[in-house]
Amino acid sequence: MASEDTFKKLIAHAKEYGFVFQSSEIYDGLSAVYDYGQYGAELKNNIKEYWWNAMVRLNENIVGIDSAIFMHPEIWKASGHVGAFNDPLIDNKDSKKRYRADVLIEDYLQKIESKINKEITKARKRFGDSFDEPQYRETNQRVIGYQTKINETKTRFVKALEQDDLKEIKQIIIDAEIACPVTGSRNWTEVRQFNLMFSTQLGSVSEDANTIYLRPETAQGIFVNYLNVQKSGRMKLPFGIAQIGKAFRNEIVARQFIFRMREFEQMEMQFFIRPGDEMQWFEHWKTARMKWHKALGFSEEKYRYHDHDKLAHYANAATDIEFEFPFGFKEVEGIHSRTDFDLSQHQDFSGKKIQYFDSELNKSYVPYVVETSIGLDRMFLLILSNAYEEETITKEDGTKDQRVVLRIPPALAPVKIAVLPLVKKDGLPEKAREIINTLKYNYNCQYEEKDSIGRRYRRQDAIGTPLCITVDHQSLKDNTVTLRYRDSMKQDRIKISELNEIIFNLVNMKTLLEKL
Ligand code: ATP
């Protein structure tokens with residue numbers, strides 16, 4: 001998928017085929033909140049299973065928990081979220097649109113970057129095989145100009161972020177002549193800090209002491225359970241705790257469909273280690289997580305690491321795994337070396353000793369942590385945008401046709417197998433149901449008898465079903481069926497007794513997990 005236009009089609013497709021709906025749609029929707037439909041919920045569950053199994057089943061030293069969304073309010077003071085979980089926001093006075101100031105600047109930098117890339121593509125065409133990109137970057141005046149602009153703006157931006165200098169952030173926006181993307185106006189307000197946590201009241205009396213927060217990340221539920229898990233599971237360092245759950249952020253700007261939501265789900269793993277070992281484990285998880293992504297088989301060029309310019313208050317190394325969404329390269333997962341910041345803070349704030357006795361070193365210490373944190377909804381969007389394809393196909397009679405196919409990795413597909421009787425009579429529906437009854441315990445199957453077989457295949461392509469089984473009159477005589485593959489549209493005549501093995505080899509989660 002290349003353009004914003006196709007992205008719009010993808011959003012429409014996700015709605016039309018029961019993947020994602022706007023929340024409260026009949027009341028005109030709720031901004032940046034979404035519901036998952038019948039196929040969306042299946043796909044989401046499959047992504048969770050892939051992540052959970054990759055973490056918890058494949059690693060002897062990682063266990064999973066499920067902590068509550070509500071937590072003691074002191075936790076968010078200890079973690080720094082009450083004081084520092086802010087985004088810089090800016091309003092355009094003419095359009096009345098609100099933006100994240102840092103995102104405006106990042107988008108501006110990305111625009112210049114794509115100008116450089118355009119120059120390079122043009123030059124590569126002109127010079128052919130003899131093209132030397134590094135030399136071109138160093139000598140072409142236009143590219144040098146762009147690069148200097150990027151470097152200067154980036155240096156100022158990083159410094160301003162580090163010093164929380166909101167005036168300077170606004171000045172960068174003014175100097176770079178950044179305009180409101182909607183109206184082109186450059187009439188900006190001052191930059192202000194905005195805390196992203198939702199608060200609510202616990203109990204019936206609304207006084208300050210009862211203010212609690214909806215968690216903005218799942219990680220703190222892991223930190224505050226570190227001792228419980230370590231003791232009850234007799235865990236030895238290094239070990240990890242994984243969790244999948246909802247998180248809530250009152251995002252300033254809701255954009256790009258399910259990319260940035262106010263209620264979303266995270267899959268996080270905190271890996272507890274000996275202090276000093278963090279860089280080794282940081283590298284380990286960087287590689288392991290990229291492998292998890294690439295096992296899905298999408299184009300390798302769509303992934304890259306992006307090291308953080310500004311480290312969060314808790315981190316001593318951090319990188320993002322970025323993916324090329326239809327609207328550019330964006331973060332899908334973060335890998336952070338968080339030192340002993342969180343556990344030490346909870347030790348101080350709670351007054352409880354949170355330490356590990358290392359029998360090899362014969363001493364106690366607060367463990368260090370390397371975390372991996374991925375947004376489930378962003379991963380969902382990554383898969384949909386990779387999978388969506390509009391394809392022109394040639395039919396058997398030579399005429400052309402169009403199909404929309406979701407090339408979802410088979411192990412993650414919402415429906416694995418559709419069983420289709422050729423006609424609704426002559427005992428074919430009964431035979432089809434007989435087949436489903438043998439498969440349904442292992443796979444999500446769908447029975448469909450309405451419309452022509454061609455239209456039924458198209459509907460299954462559109463929801464990403466990897467296999468269709470067609471039952472016809474011959475099936476009654478010799479117990480064979482037609483197996484039709486989503487991607488190649490190839491059709492094979494096979495024995496019903498052979499179905500299980502073929503299906504298993506194509507769609508089982510094992511096929512993915514074995515690549516890790
Ligand atoms: P961003 O820079 O995009 O706001 P972040 O750096 O604040 O993200 P983290 O706090 O590191 O994100 O959260 C870890 C992961 O959670 C992100 O990589 C992303 O996949 C997911 N995530 C964060 N915020 C949202 C959101 N508002 N909607 C959906 N997913 C989110």
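Which strand and which helix each supply at least two residues of the lining of the second largest pocket? In this predicted model, the two elements are strand 17 (388-394) and helix 15 (453-463). Helix 15 gives the largest share of that lining, with five residues. In total, 14 residues line the second largest pocket, and those nearest its centre are Lys395, Glu396, Tyr457, Arg458 and Gln491. Sorted by class, the lining holds seven charged residues, four nonpolar ones and three polar ones. The space inside the second largest pocket comes to about 400 Å³. Rolling a probe the size of a water molecule over the atoms shows where such empty space is left.

Attention now turns to the packing of helices. Two packed helices are described by the angle between their axes and the distance between the axes. For helix 5 (residues 101-127) and helix 7 (residues 141-162), the axes come within 10 Å and cross at roughly 160 degrees. Angles over 145 degrees count as roughly antiparallel, and helix 5 and helix 7 are therefore roughly antiparallel to each other. Their crossing is left-handed. On the side of helix 5, the contact is made by Asp102, Ile105, Glu106, Tyr108, Leu109, Ile112, Glu113, Lys115, Ile116 and Glu119. Helix 7 answers with Arg142, Val143, Tyr146, Gln147, Lys149, Ile150, Thr153, Lys154 and Phe157. By class, this contact of helix 5 with helix 7 brings together nine nonpolar, eight charged and two polar residues.

Helix 7 also packs with helix 8 (residues 166-175), where the axes come within 9 Å and cross at roughly 160 degrees. Helix 7 and helix 8 are therefore roughly antiparallel to each other, and helix 7 passes helix 8 in a left-handed crossing. From helix 7, the contact draws on Thr153, Arg156, Phe157, Ala160 and Leu161, while helix 8 contributes Glu168, Ile169, Gln171, Ile172 and Asp175. The residues of this contact divide into five nonpolar, three charged and two polar.

The crossing of helix 2 and helix 11 is right-handed. Here Ile47, Tyr50, Trp51, Ala54 and Met55 in helix 2 meet Trp285, Arg289 and Trp292 in helix 11. By class, the contact has seven nonpolar residues, one charged residue and no polar ones.

Two details of the backbone complete the description. The peptide bond from Leu237 to Pro238 is cis, with omega near -5 degrees. Pro238 sits in the loop between helix 10 (226-232) and strand 9 (239-248). The other detail concerns Ser24, which has a positive phi of about 55 degrees although it is not a glycine. Ser24 belongs to the loop between strand 1 (20-22) and strand 2 (34-36).

How values were computed
Residues are numbered from 1 along each chain as its sequence is written. This is a predicted model: local features need pLDDT of at least 70, side-chain atom pairs count only at pLDDT 80 or more; totals for chains, interfaces and linings use all residues. Side-chain values use heavy atoms; hydrogens and water are left out. A crossing is left-handed if the near helix is turned anticlockwise from the far one by less than a right angle, and right-handed if clockwise. Helices (H or I, at least four residues) and strands (E, at least two) are DSSP runs, numbered from the N terminus. Contact means heavy atoms within 4.5 Å. Ala, Val, Leu, Ile, Met, Phe, Trp, Tyr, Cys and Pro count as nonpolar, Asp, Glu, Lys and Arg as charged, and the others, Gly among them, as polar. Axes are lines fitted to C-alpha atoms, for helices over the stretch in contact, and angles run from 0 to 180 degrees between N-to-C directions. Angles under 35 degrees count as roughly parallel, over 145 as roughly antiparallel, 65 to 115 as roughly perpendicular and the rest as oblique. On a 1 Å grid over the protein atoms alone, a cavity is a set of points where a 1.4 Å probe fits but cannot get out, and a pocket is an open set with protein on both sides within 12 Å along at least five of seven lines; lining residues have an atom within 4 Å of a point. Grid points are joined across faces, edges and corners, and a volume is the space filled by probe spheres set on the points.
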